[in-house]
There are 2 protein chains.
Amino acid sequence: MLEAIKAAADKNLRLYPDPEAASLCSAIANYYGLASEQVFVGNGSDEVLAFAFQAFFSPGKTIVFPDITYTFYPVYCQFYDIPYREIPLTEYFNLPVQEFCGDYAGVVLANPNAPTGKSVPVCKIRTVLEGNPNCVVLVDEAYVDFGGDSAVSLVDSYKNLLVVKTMSKSRSLAGLRVGYAMGDADLIAGLNCVKNSFNSYTVDRLALVGAEASLRDEAYYRAMLAKVSLVRNHTASRLKSMGFCVMESSANFIFISHKRAPARSLYQDLRDRGILVRYFNRPKIDNYLRVTIGTEEEMDTFCKTIQEVLEVNYHEV
Amino acid sequence: MLEAIKAAADKNLRLYPDPEAASLCSAIANYYGLASEQVFVGNGSDEVLAFAFQAFFSPGKTIVFPDITYTFYPVYCQFYDIPYREIPLTEYFNLPVQEFCGDYAGVVLANPNAPTGKSVPVCKIRTVLEGNPNCVVLVDEAYVDFGGDSAVSLVDSYKNLLVVKTMSKSRSLAGLRVGYAMGDADLIAGLNCVKNSFNSYTVDRLALVGAEASLRDEAYYRAMLAKVSLVRNHTASRLKSMGFCVMESSANFIFISHKRAPARSLYQDLRDRGILVRYFNRPKIDNYLRVTIGTEEEMDTFCKTIQEVLEVNYHEV
């Protein structure tokens, strides 16, 4: 991938990139067994999500998503004046599938969910699709490659399904800005219509080349995914042995809490020692930390540091 | 610039780019003698324009721009539901400055204008700024470096001025996607607010590095500008000797018409010979062609081809 980018850094940078990203769309389509017309490419999945909210949801028509999920969804709703209702997850952060079947004007689900890392099997996505036959069901699969169950297999069967993915997480290309959506050709045409009213060239030449090269290197990709899963599971085991509750994760992060150490002060203790994790000052999740999986060495440092913090500040009485 | 990009194509591409593009903003600010807080960076000037239309213009409040100008302005208005009025340019495509002084809800001017290539001196921009004290006056300077008069010098004096530029034209970086805006810190904060509700990372790591490297290479930049002007003026002379009317251009393109050869059929004749120029099927400009300046060799081929077409298809009777 790096070699492909270096080779593309030449005088052709004076020319605009292909506004339709045809070559990358075709590569993504081949990878997933779809047609090119079922693929849209954008500047990271955030841009793709923004286009989707604007293309498929409308002022005056209420869409739904879980109360605990990616914090950008309510931002898009406010930005585009789309009313929304947050449906509470169950006590253990599970998706109340039947409550999402209400013939709504739009449904947005992150699978696996953020920041919990919990995933639902694709049969439940199918239930939601059938329970909302008249609207777009947007499934945000930013983290699915780390162990979730992808709904891409349903794209040919459900015209109302839009699956959004990113190259920032499982393909380690956050610095390049490439995200994509897969769905019925009519939905993809809608995304292109919105994009072309905004900015025709959102993905540059080097990002197009890099993303395509990444798709060709399946062996490296699989090896990196396996490594992240291994380090994640190993980290989870070590934390459990320290008394942490670690939520079952299908993502490249874990969501943890400890019965003796409040998350907010633990966050500060770690920060004081140069380790940044995510703390959410929100009801229901304000006693959890989201910890992204780094390298083996980084996670070893993290585990040792948090063990030390527990022993010094939160020892059993 | 190419070396800087190649050096940056490394494992750090796994990390997100700086969402504030602080280093590039600072480089642009230094280049123009502004503060970093007066600079906003986006994914090409089209994205910057889109953010500006959404940030500063509103549904229900009519903005104005010339009837002949960049065709994306009415698209943004429709996209964001902003009413607009097109003020006719004079017979010779000049800006009727006084008609733009009406305390409007927004003014958009391309300077130099597209597709005419005509520019207005900065004193006329000042008149428009003073004639619209309560709204943002957006000056789109995509082509200004090729010979126009920039309003950047007015940024410190007028809080309602936003100057938008791109690296796609004078810096030959269309493939990288970098545009920027310069204006009062409050306007820049408004653009950041819109951007961060849409996509926090619109300019990737390689584009940030490449754009900054380009700003450091002033000698090459000046040489290329001189070359484009030289080839433009030389092409204009040759076309005039063939009987073309060539509008005085301050841009990297020329706007031409011929008394014997209708633009629409000339466009088709050139296309048949493998040369693409822009023809606009619109009132007032439907007998003109916009010809972008390419390399010396390309323009030589263009001149020879159009001369041949004139002799064969449109000879004097």
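In the interface, 44 residues of chain A are in contact (heavy atoms within 4.5 Å) with 44 residues of chain B. The model is a predicted one, in which local features need pLDDT of at least 70 and side-chain atom pairs count only at pLDDT 80 or more, while totals for chains, interfaces and linings use all residues. Residues are numbered from 1 along each chain as its sequence is written, chains are lettered from A and ligands numbered from 1 in the order in which they are written, and side-chain values use heavy atoms, with hydrogens and water left out.

The size of an interface is often given as the accessible area lost when the parts come together. Between chain A and chain B, the buried area (the accessible area, with a 1.4 Å probe, that two parts lose on being put together, summed over both) is about 3400 Å², and carbon and sulfur atoms give 60% of this area. On the side of chain A, the residues that lose the most area to chain B are Leu13(A), Phe79(A) and Phe198(A), which together account for 20% of what that side buries.

One salt bridge is formed by Lys165(A) and Asp145(A), with the closest N and O atoms 2.7 Å apart. This pair links distant parts of the chain, 20 residues apart, as Lys165(A) lies in strand E6 (residues 161-166) of chain A and Asp145(A) in the loop between strand E5 (137-140) and E6.

Strands of a sheet pair through backbone hydrogen bonds, either parallel or antiparallel. In chain A, an open sheet of 4 strands has the order E8-E9-E11-E10 with antiparallel pairing (two strands pair if DSSP finds at least two bridges between them). Strand E8 (244-246) and strand E10 (278-279) of chain A are its edge strands, each pairing on one side only. E8(A) is joined by 3 bridges to the antiparallel strand E9 (residues 253-258) of chain A, where His258(A) is the bridge partner of Phe244(A).

In chain B, an open sheet of 4 strands likewise has the order E8-E9-E11-E10 with antiparallel pairing. E10(B) is joined by 2 bridges to the antiparallel strand E11 (residues 289-292) of chain B, and Arg278(B) stands opposite Arg290(B) in E11(B). Helix H9 (residues 263-272) of chain B packs on this sheet, touching E8, E10 and E11 of chain B.

Most residues other than glycine have a negative phi, and most peptide bonds are trans. Asp103(A), however, has a positive phi near 50°. Cis peptide bonds, with omega about 0°, join Asn111(B) to Pro112(B) and Ala114(B) to Pro115(B). Pro112(B) lies in the loop between strand E4 (107-110) and helix H5 (122-130) of chain B, and Pro115(B) is placed in the loop between E4 and H5 of chain B.

Methods:
Axes fitted to C-alpha atoms, helices over the stretch in contact; angles between N-to-C directions. Salt bridge = Lys/Arg side-chain N within 4 Å of Asp/Glu carboxyl O.
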